[in-house]
Amino acid sequence: MADEDNNCNEVNNRDFRRRRIVRSDLNLSHRFLDSIPENGHLMNNINVHIVKKLNLAGNNITVLPDAISAFANLVELDLSGNGLSNISTKIADLRLLKIFIAKNNNLQDLPKDFGNLKLLENLNLGGNAFESFVPQMFELEALKILFLGANRIDCIPKDIQELQK
């Protein structure tokens, strides 16, 4: 099985070397990644500055690394189904982010600066390990949709109305 996986990676890398990736949507879902590729053939062929939508769902990324900040123009980020337990504070560098999907992971908390995502409209953290609303959620000024289903939250805070505009 390992040889088959290596052959797949060689084919994928060969394809990326042949052409420069200039699309604004980058789908790296279900690629058995354990981190965001920071170097090597894959990232050499992707202009991360034009990527607006990044799909990393269904991989094995348990910690979102600082490398996420390289995608400065992201509008949508999907990290669903990774076993993710930690998000880098560099997520706050994604100032244009409007949609953040991290459902079906192992998250219990958000980074302190997560509330700095002033354009974030849609936050889906369903199917994680949150036991309560975290203060950063109340700092998201543009938030319109918040999904927290299938977590361990058993009490809705009194200041929930603060989330309404």
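Tutor: Let us begin with asparagine 82, whose side chain reaches the backbone oxygen of leucine 56 at 3.0 Å. Please keep in mind that this is a predicted model.

Student: Why is asparagine 82 called buried?

Tutor: Its relative accessible area is 5%. Buried means under 20%, and therefore asparagine 82 belongs to that class.

Student: Where does asparagine 82 lie, and which residues is it in contact with, leaving aside its neighbours within four places in sequence?

Tutor: Asparagine 82 lies in the loop between strand S4 (76–78) and strand S5 (86–87). Its contacts include Leu56, Ala57, Gly58, Asn59, Asn60, Ile61 and Thr62, together with Asn104 and Asn105.

Student: How do you know whether serine 80 is buried or exposed?

Tutor: Serine 80 has 8% relative accessibility. That value is under 20%, so serine 80 counts as buried. Serine 80 is placed in the loop between S4 and S5. Leaving aside neighbours within four places in sequence, serine 80 is in contact with Ala57, Gly58, Ile101, Ala102, Lys103 and Asn105.

Student: What joins the side chains of serine 80 and aspartate 78?

Tutor: They are joined by a polar contact of 2.7 Å.

Student: Why is asparagine 27 called partly exposed?

Tutor: Partly exposed covers the range between the 20% limit for buried and the 50% limit for exposed. Asparagine 27 has 44% relative accessibility, and therefore falls in between. Asparagine 27 is in strand S1 (residues 25–27), and a polar contact of 2.7 Å joins its side chain to that of serine 29. Between asparagine 27 and aspartate 78, the C-alpha to C-alpha distance is 9.5 Å, with 51 residues separating them in sequence.

Student: How many salt bridges does a search of the whole structure find?

Tutor: The search finds 1 salt bridge. Glutamate 141 forms a salt bridge with lysine 118. The pair links distant parts of the chain, 23 residues apart: glutamate 141 is in the loop between strand S7 (122–124) and strand S8 (145–147), and lysine 118 is in the loop between strand S6 (99–101) and S7.

Student: What makes the pairing of glutamate 141 with lysine 118 a salt bridge?

Tutor: The closest N and O atoms are 3.6 Å apart. A salt bridge requires a Lys or Arg side-chain nitrogen within 4 Å of a carboxyl oxygen of Asp or Glu, so this pair qualifies. Glutamate 141 is partly exposed at 46% relative accessible area, and lysine 118 is partly exposed at 34%.

Student: Which residues touch the most other members of the largest nonpolar core?

Tutor: They are Leu54, Leu77, Phe100 and Leu125, in a core of 37 residues. Among the residues that leucine 77 touches, not counting those up to four places away in sequence, are Leu54, Leu56, Ile68 and Phe100. For the chain as a whole, buried residues make up 40% of the 165 residues.

Definitions and conventions:
Residues numbered from 1 in each chain as written. Predicted model: local features only at pLDDT ≥ 70, side-chain atom pairs only at ≥ 80, totals over all residues. Heavy atoms only, no water. Buried < 20%, exposed > 50% of the residue type's maximum accessible area, 1.4 Å probe, protein only. Core = buried A, V, L, I, M, F, W, Y, C linked by side-chain atoms within 4.5 Å. Contact = heavy atoms within 4.5 Å. Helix = DSSP H or I, 4+ residues; strand = E, 2+ residues; numbered from the N terminus. Polar contact = N/O pair within 3.5 Å; in protein donor to acceptor, adjacent residues only side chain to side chain.
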